[in-house]
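Here are my notes on the model you asked me to look over. Have it open while you read, and click through the residues as they come up.

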Amino acid sequence: GTCDYDGSKKTVSSPTTNVSPNKTMTVSENLKLRSGEAITSDVLTVMSAGTKVKILELGKAENIDGINSNWVKVEVLSGAKDRDGRAIRAGTVGWCYGGYLAEITETNKFESTDTKEISDIKIEEALNKK
């Protein structure tokens, strides 16, 4: 058939995010925005899942939580909220780990109540783990 889509082509084992400068992406889970490209640098704010950011530049590559990606310098776009629901000022610039940024098109495609419930549970689990 013409419809020979093979779902197994996506290798889930070592996800690499396709972060690139000037790309707008969305935060896939609560993500710390830091003053520098290291988990030791100061946390400026915690961006809630769904926050849109524009990538300004790519930093060093690192493997965190089994994800290969780069640290990225991002600018927070308007409408952003932190994990407590407070607004983050548009234009705020900081560093975050690109492994938790997602393509905007993908999230729009799967926006249904099911996925939202699942992601909320996931965030709660992540918060309890810390």
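The points below go from the whole chain down to single residues.

1. First, some ground rules. This is a predicted model, in which local features need pLDDT of at least 70, side-chain atom pairs count only at pLDDT 80 or more, and totals for chains, interfaces and linings use all residues. Residues are numbered from 1 along each chain as its sequence is written, and side-chain values use heavy atoms, with hydrogens and water left out.

2. Now the overall layout. The protein chain has two helices and seven strands, and from the N terminus the order is β-β-β-β-β-β-β-α-α. Helices here are DSSP runs of H or I with at least four residues, strands are runs of E with at least two, and both are numbered from the N terminus.

3. How much is hidden? Of the 130 residues in the protein chain, 32% count as buried. Buried means under 20% relative accessible area, exposed means over 50%, and partly exposed is in between (1.4 Å probe, protein chains only). The chain exposes about 8300 Å², with carbon and sulfur atoms supplying 51% of it; these areas come from the Shrake-Rupley method with a 1.4 Å probe, and for residues only the protein chains shown count as cover.

4. Next, the inside. The largest nonpolar core has 21 residues, and Met47, Val74, Cys96 and Leu101 have the most contacts inside it. S1, strand S2 (31–34), S4, S5 and strand S6 (93–97) each supply at least two of its residues, and S5 gives the most, with five. A nonpolar core is a set of buried Ala, Val, Leu, Ile, Met, Phe, Trp, Tyr and Cys residues joined through side-chain atoms within 4.5 Å.

5. Have a look at valine 76, in strand S5 (residues 67–76). Valine 76 counts as buried because its relative accessible area is 0%. Leaving aside neighbours within four places in sequence, valine 76 is in contact (heavy atoms within 4.5 Å) with residues including Leu33, Met47, Val53 and Ile88. The C-alpha atoms of valine 76 and isoleucine 88 are 7.6 Å apart, although the two are 12 residues apart along the chain.

6. On to the charged pairs. Side chains of opposite charge can pair when their charged atoms come close. The structure holds four salt bridges, each a side-chain nitrogen of Lys or Arg within 4 Å of a carboxyl oxygen of Asp or Glu. One of them joins lysine 23 to glutamate 103, with the closest N and O atoms 2.8 Å apart. This pair links distant parts of the chain, 80 residues apart: lysine 23 sits in the segment before S1, and glutamate 103 in strand S7 (residues 101–103). Glutamate 103 counts as buried because its relative accessibility is 18%.

7. Another salt bridge pairs glutamate 57 with lysine 73 (3.9 Å, N to O). Both count as partly exposed, glutamate 57 at 36% relative accessibility and lysine 73 at 26%. Elsewhere, arginine 86 bridges to aspartate 84 at 3.4 Å, and both are exposed. Shared partners join Asp82, Asp84 and Arg86 into one salt-bridge network.

8. Asparagine 22 is not a glycine, yet its phi is positive, about 70 degrees. Aspartate 65, in the loop between strand S4 (52–64) and S5, also has a positive phi, near 55 degrees. Asparagine 22 is exposed at 59%, and aspartate 65 is exposed at 62%.
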